[in-house]
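These are my notebook entries on a single protein chain. I record what I looked up, topic by topic.

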Amino acid sequence: MDRILKTIKVRWILLISALAIVALSYGITRILADQLAQKERERVRVWADAIQQKATTMAYVESFFASMSNDERMRIETWSTAFKRMLASTHNAEQFEANRRIIEKNTTIPMIFTDARQHVLLTKNVNAEIIKQGDILKGNLLKEFSRNQPIAYADGRDTQFFLYYGESETITKLRITLDDLFDSFFKDIVENSISVPVIITDSIVSKVLFTGNIDTADINTPSKLHRTLHNMASQNRPLEISGKQESTMIVYYERSGLITRLKLFPFVMGVILAAFVVIVIMNFRITGKSEQDQLFVSMSRETAHQLGTPISSLMAWIEYLHSQDIDSDVVDEISKDVKRLEVISQRFSKIGSKPTLKMENLTQVIKNSVHYLSSRYSQKVRFAVHTPEDGIVFANINIQLFEWVLENLCKNAVDAIGNSEGSIDIRISETKEHVVIDVRDSGKGIAKANFETIFKAGYTSKTRGWGLGLALCKRIIEDYHQGSIFVVQSIIHKGTTFRILLKK
């Protein structure tokens with residue numbers, strides 16, 4: 001008993017230690033995860049601020065570009081007016097020269113003057129190798145100079161002229177720089193170094209312009225896209241960015257995958273450690289059952305060994321009594337008890353080894369066992385066996401072990417009845433799949449909370465006893481006969497009904 005208590009104590013110590021390790025590991029992991037997540041959030045915030053600053057710079061550059069383009073347009077209109085006046089003042093040399101000087105001041109913006117048939121009359125800041133006076137403005141050059149709406153006008157004779165103009169070299173370089181800046185900006189967003197999932201949409205969130213670190217399966221339908229954008233907006237406020245030609249784009253982003261994984265890691269760790277605790281507990285139970293099995297086997301074999309010598313001696317004494325002038329009925333009863341001891345010895349010897357099961361008439365086996373028991377218990381206890389109408393029920397059993405189960409149940413029932421008058425009713429019935437044996441007594445009953453506990457080794461409500469009887473019954477029925485045994489009903493001070501189910 002001390003050894004069992006020590007084993008139980010060690011198991012509790014191991015279990016408490018495992019729980020302490022689980023709690024400590026979970027706490028440390030959670031703290032580290034929160035710290036790393038905080039640093040990651042700061043990195044995301046810094047990234048978002050940098051993106052916002054870049055967006056502000058881009059907006060400023062584009063505004064500056066638009067201002068310069070507008071200034072060039074105004075200069076072109078001024079030069080166009082001067083050209084009109086120059087044509088109108090061909091008879092006034094002073095006015096003609098003044099307007100010509102205004103036109104000559106344009107040293108940056110390429111211009112081409114044509115007639116209605118697009119014959120080149122005059123060029124300014126255009127390479128002569130590309131086009132010169134007298135050529136026709138056409139093809140790619142016409143397409144290039146038509147990006148800006150040409151300025152049309154007529155002279156005093158209603159002759160039409162057109163002024164085509166392009167961008168100055170400064171504006172062209174600025175446009176290229178702005179395009180590069182936009183490309184670099186979106187590349188920085190989409191291919192960000194902190195692996196933040198990003199979606200860039202138009203201003204009305206109707207079209208996805210760019211994505212980065214996003215699984216396309218998450219946005220391949222409008223409903224999935226809306227759900228993803230809503231989730232991103234709930235984590236971080238979207239950024240509004242001015243795009244080209246005064247368009248507005250919206251940048252949605254969420255916390256990085258690392259933060260999400262870090263948030264989940266403590267829970268995953270907790271599940272793993274919980275599984276570890278469950279495995280430890282299961283191992284305790286398996287180890288405990290193994291120890292119980294070994295204890296049953298050791299005690300049973302030792303009991304069978306110890307009974308062997310006195311049984312042999314008693315059998316010899318019975319033969320001696322038969323030769324003496326002694327009432328034969330007395331000797332026969334003693335002989336029955338000795339044979340019962342021999343059966344008990346055989347029962348104990350079978351524990352730990354696989355028993356042989358045979359198809360037996362269960363009704364006759366139970367009646368024989370009850371007949372023996374009823375004559376050895378108080379006459380206050382009435383035994384009754386109830387069978388089906390034909391009185392024959394077959395089951396695959398080992399007679400010696402099954403009788404042991406029945407005797408243990410009857411002995412417990414007699415103890416529960418005590419010195420009072422009572423009854424033990426054994427009812428045999430059948431279903432399609434099972435043979436059913438109910439053992440009902442009129443004893444003191446069992447509390448419902450103990451319906452399972454009573455089958456555990458060591459449990460007993462008696463002041464004396466090992467608490468092994470029902471544990472042996474459960475082992476014999478479940479392990480050796482592949483059946484089941486349990487308490488069907490129990491009412492305090494009214495009685496208990498045990499049920500045995502054997503497969504047909």
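Is Lys-504 buried or exposed? I looked up its relative accessibility, which is 55%, so Lys-504 counts as exposed. I note at the outset that the model is predicted.

**Entry 1. Salt bridges**

I searched the whole structure for salt bridges and found 4. I followed up some of them, beginning with the partner of Lys-504. Lys-504 forms a salt bridge with Glu-430, and the closest N and O atoms are 3.4 Å apart. This pair links distant parts of the chain: Glu-430 is in strand β12 (residues 422-430), Lys-504 is in the segment after β15 (495-503), and 74 residues separate them. I also looked up the accessibility of Glu-430. Its relative accessible area is 40%, and therefore Glu-430 is partly exposed.

I then turned to Arg-499. Its salt bridge is with Asp-438, with 2.7 Å between the closest N and O atoms. Here too the pair links distant parts of the chain, since Arg-499 belongs to strand β15 and Asp-438 to strand β13 (residues 434-441), 61 residues apart. The accessibility of each partner was checked. Arg-499 has 26% relative accessibility and so counts as partly exposed. Asp-438 has 14%, and so counts as buried.

Which residue does Glu-478 pair with in a salt bridge? I found that the partner is Lys-474, the closest N and O atoms being 2.8 Å apart. Both residues lie in helix α10 (residues 469-480), 4 residues apart, which is about one turn of the helix. Glu-478 counts as partly exposed because its relative accessibility is 28%. Lys-474, at 24% relative accessibility, is likewise recorded as partly exposed.

**Entry 2. Asp-441**

I looked up Asp-441 and found it in strand β13. Is Asp-441 buried or exposed? With a relative accessible area of 5%, Asp-441 is buried. Not counting residues up to four places away in sequence, Asp-441 touches Ala-413, Ser-423, Ile-424, Lys-494, Gly-495 and Thr-496. The side chain of Asp-441 also reaches the backbone nitrogen of Gly-443, at 2.8 Å.

**Entry 3. Thr-228**

I located Thr-228 in helix α5 (residues 222-235). Its relative accessible area is 15%, and so Thr-228 is buried, the cut-off being under 20%. Which residues is Thr-228 in contact with, leaving aside its neighbours within four places in sequence? I recorded Ile-199, Asp-218 and Ile-219. For Asp-218 I noted a polar contact as well: its backbone oxygen lies 3.1 Å from a polar atom of the side chain of Thr-228.

**Entry 4. Cysteines**

How many disulfides does a search of the whole structure find? I found 0. Cys-410 is in no disulfide, and the nearest cysteine sulfur to its own, that of Cys-473, is 9.9 Å away. I looked up the accessibility of both residues. Cys-410 counts as buried at 0% relative accessibility. Cys-473 is also buried, with a relative accessible area of 0%.

**Entry 5. A nonpolar surface patch**

I noted a nonpolar patch on the surface, formed by Leu-264, Phe-267, Val-268 and Ile-272. Together these residues have about 390 Å² of accessible area. Of its members I followed up Leu-264, which lies in helix α6 (residues 257-323). Leu-264 has a relative accessible area of 49% and is therefore partly exposed.

**Entry 6. Positive phi values**

Most residues other than glycine have a negative phi. I therefore recorded residues that depart from this pattern. Gln-118 has a positive phi of about 65° although it is not a glycine. Its place is in the loop between β1 (111-115) and β2 (120-124), and its relative accessible area of 23% makes Gln-118 partly exposed.

Gln-482 also has a positive phi, near 50°. I found Gln-482 in the loop between α10 and β14 (484-491). At a relative accessible area of 44%, Gln-482 is partly exposed.

Notes:
Residues numbered from 1 in each chain as written. Predicted model: local features only at pLDDT ≥ 70, side-chain atom pairs only at ≥ 80, totals over all residues. Heavy atoms only, no water. Helix = DSSP H or I, 4+ residues; strand = E, 2+ residues; numbered from the N terminus. Buried < 20%, exposed > 50% of the residue type's maximum accessible area, 1.4 Å probe, protein only. Polar contact = N/O pair within 3.5 Å; in protein donor to acceptor, adjacent residues only side chain to side chain. Contact = heavy atoms within 4.5 Å. Salt bridge = Lys/Arg side-chain N within 4 Å of Asp/Glu carboxyl O. Patch = residues over 30% accessible without salt bridge, like charges linked within 9 Å, V, L, I, M, F, W, Y side chains within 5 Å. Areas by Shrake-Rupley, 256 points an atom, 1.4 Å probe, with all protein chains shown as cover. Disulfide = S-S within 2.5 Å.
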